[in-house]
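Here are my notes on the model you sent over. Have it open while you read.

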Amino acid sequence: MDENEARKTIVATLEGKKGKSKFYLKDFYAMFPEEKPRTIKNIVNKMVGEGTLEYWSSGSTTLIGLKGVGKQAGAEHED
Amino acid sequence: MAKHETPMLDQLESGPWPSFVSDIKQEIAHRKANPNNVELQIPADVPEDILGVLELSFKHGRTHWKHGGIVGVFGYGGGVIGRYCDQPEMFPGVAHFHTIRVNQPAGKFYTTEYLRKLCDLWEFRGSGITNMHGSTGDIIFLGTHTKQLEEIFFELTHNLNQDLGGSGSNLRTPADCIGMARCEYACYDTQDLCHTLTNEYQDELHRPAFPYKFKFKFDGCPNCCVASIARSDMSFVGTWRDDIKIDQEAVKAYIGGEIAPNGGAHAGRDWGPFDIQKEVIGLCPTGCMWMEGDKLMIDNRECTRCMHCINVMPRALRIGDDRGLSILVGAKAPILDGAQMGSLLVPFIKAEAPYDEIKEVIEKVWDWWMEEGKNRERLGELIKRQGFQRLLEMTEIEPMPQHVQEPRSNPYIFWKEEEVEGGWERDVNEFRKYHLR
């Protein structure tokens, strides 16, 4: 699998989702059913490091979404 | 005068045990006095607002914390948990109150100097309130603002040689007992294995890798002081496969009252003379012990390593010499689908550096869970859903009689709807009066 193609697929898929901004890691695996979860996990985490995606954590569960999409820290008035 | 009236919290201080309310009040007084002239980076009255919001939660019977957030430090998907209060105007000090998890040193060995540095850092850049080794197990810094996070992370990693712990869908901070450092029962070097795996699985610890949380815990012997068998998805419990070593002279000394049983514990009252039949042989769960004259005999084939006899007569009975560990999987608290104890997967494996055999088991389990686990499904739930047999297939471990024996019980109590005032139904509009969106 070409990593750059995978990145484009991830961004396009997330942009196409309406009404939802945060996703489970497994939702990313579902975009690439032929690939090993570990491979996709590594790409997703790399994309967070590069600033394309961002984590959201409840403390017990982690969700991932496009950076800047959905509720942001600014909504909590923390300047 | 206190910033908030807290009659219910004040009552907690009247009990017989040390109270966290008293601790927080002490911190309030300390931050007000600020004897070291620390340039506090978040408001001095944060601990007062903590008591205030907690009192309100007690009054309402509901939490006033919102759920999670996107805060963190660069490159890490765990170790920081966003916390926001849903009554920010009443309690501005805790409007933003993020948690930081600190990966405690293996065996929780640290110097007072290290602890002092941690506390100084937290007083300077946080609320000053910590939670040391509570149910999560690691060192928890409770409450700071987003701007402080990177500063704290830099200080921890560059000047205190200290990493963050795990949170979210990551490997959580591995925890172990003190092991060989102080305990003669330790069957393997818990600190070395804990530290080695913590370093080996840095990526899993710091970046989400799994459907949900995953915990390793390491107990040096079946006394299970860390309770890994109940608290971790993968539990490593020290054991041995040869015979318990018996010093018959010491057995006689226990029987004769020359050595106090239980290492001298329970000495607060007179229990009468030591009775080996009643206190040891009669309590053996498999009935594998008996006396032949004045000699203690053990049928080691029947021994389940319950540790009772060794705990009672530590100078007479010692763990065997062929030592290693058992791996149990699937324990969890009852968040989803009920509590579970660990199920035995590997009855015996040698625990010797570099631990390649152990890592092989771990990675096979992870591969299966990452592939098949549903969102927020713990390993124990996947084992229940797909069956233990499937786990054996995926880990390429042959079924064996030990797999059939399983210690299972539910140590938790759930409220039933009829036991809760108002049942499970509630008026959303009434709720929103007290909890802003």
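The points below go through the two chains and their parts.

1. Ground rules. This is a predicted model, where local features need pLDDT of at least 70 and side-chain atom pairs count only at pLDDT 80 or more, while totals for chains, interfaces and linings use all residues. Residues are numbered from 1 along each chain as its sequence is written, with chains lettered from A and ligands numbered from 1 in the order in which they are written.

2. Chain A, overall. It has 3 helices and 2 strands, in the pattern α-α-α-β-β along the sequence; helices (H or I, at least four residues) and strands (E, at least two) are DSSP runs, numbered from the N terminus. The C-alpha box along the principal axes is roughly 40 × 25 × 25 Å.

3. Chain A, inside. Buried residues account for 30% of the 79 in chain A. A residue is buried if 20 or more other C-beta atoms lie within 10 Å of its own, exposed if 12 or fewer, and partly exposed in between, with C-beta atoms placed from the backbone. Of the chain A contacts between residues at least 6 apart in sequence, 46% join residues at least 24 apart; a contact means C-beta atoms, placed from the backbone, within 7 Å.

4. Where the chains meet. Chain B puts 28 residues into the contact and chain A puts in 22 residues. The chain B side divides into 9 nonpolar, 15 polar and 4 charged. Here Ala, Val, Leu, Ile, Met, Phe, Trp, Tyr, Cys and Pro count as nonpolar, Asp, Glu, Lys and Arg as charged, and the others, Gly among them, as polar.

5. A sheet in chain B. Look for the open sheet of 4 strands, ordered E1-E2-E4-E3 with antiparallel pairing; two strands pair if DSSP finds at least two bridges between them. Its edges are E1 (80–81) and E3 (129–132) of chain B. E1(B) pairs with E2 (residues 99–102) over 2 bridges, and Val80(B) stands opposite Ile100(B). E3(B) and E4(B) make a hairpin with 6 residues between them, and His133(B) in the turn has a positive phi of about 55°.

6. Ala95(B). This one is in the loop between E1 and E2 of chain B. Why does Ala95(B) count as buried? Because it has 22 C-beta neighbours inside 10 Å. Leaving out residues up to four places away in sequence, Ala95(B) touches Tyr84(B), Cys85(B) and Pro88(B); its C-alpha is 4.9 Å from that of Cys85(B), 10 residues away along the chain.

7. Domains and cores of chain B. An automatic or database assignment gives domain 1 (7–159), domain 2 (175–240 + 325–403) and domain 3 (245–318). The largest nonpolar core has 60 residues, and those with the most contacts inside it are Ile327(B), Leu328(B) and Val329(B). Such a core is a set of buried Ala, Val, Leu, Ile, Met, Phe, Trp, Tyr and Cys residues joined through C-beta atoms within 7 Å. Domain 2 and domain 3 of chain B both give residues to this core, so it lies between them.

Key. Two residues are in contact if their C-beta atoms, placed from the backbone, lie within 7 Å.
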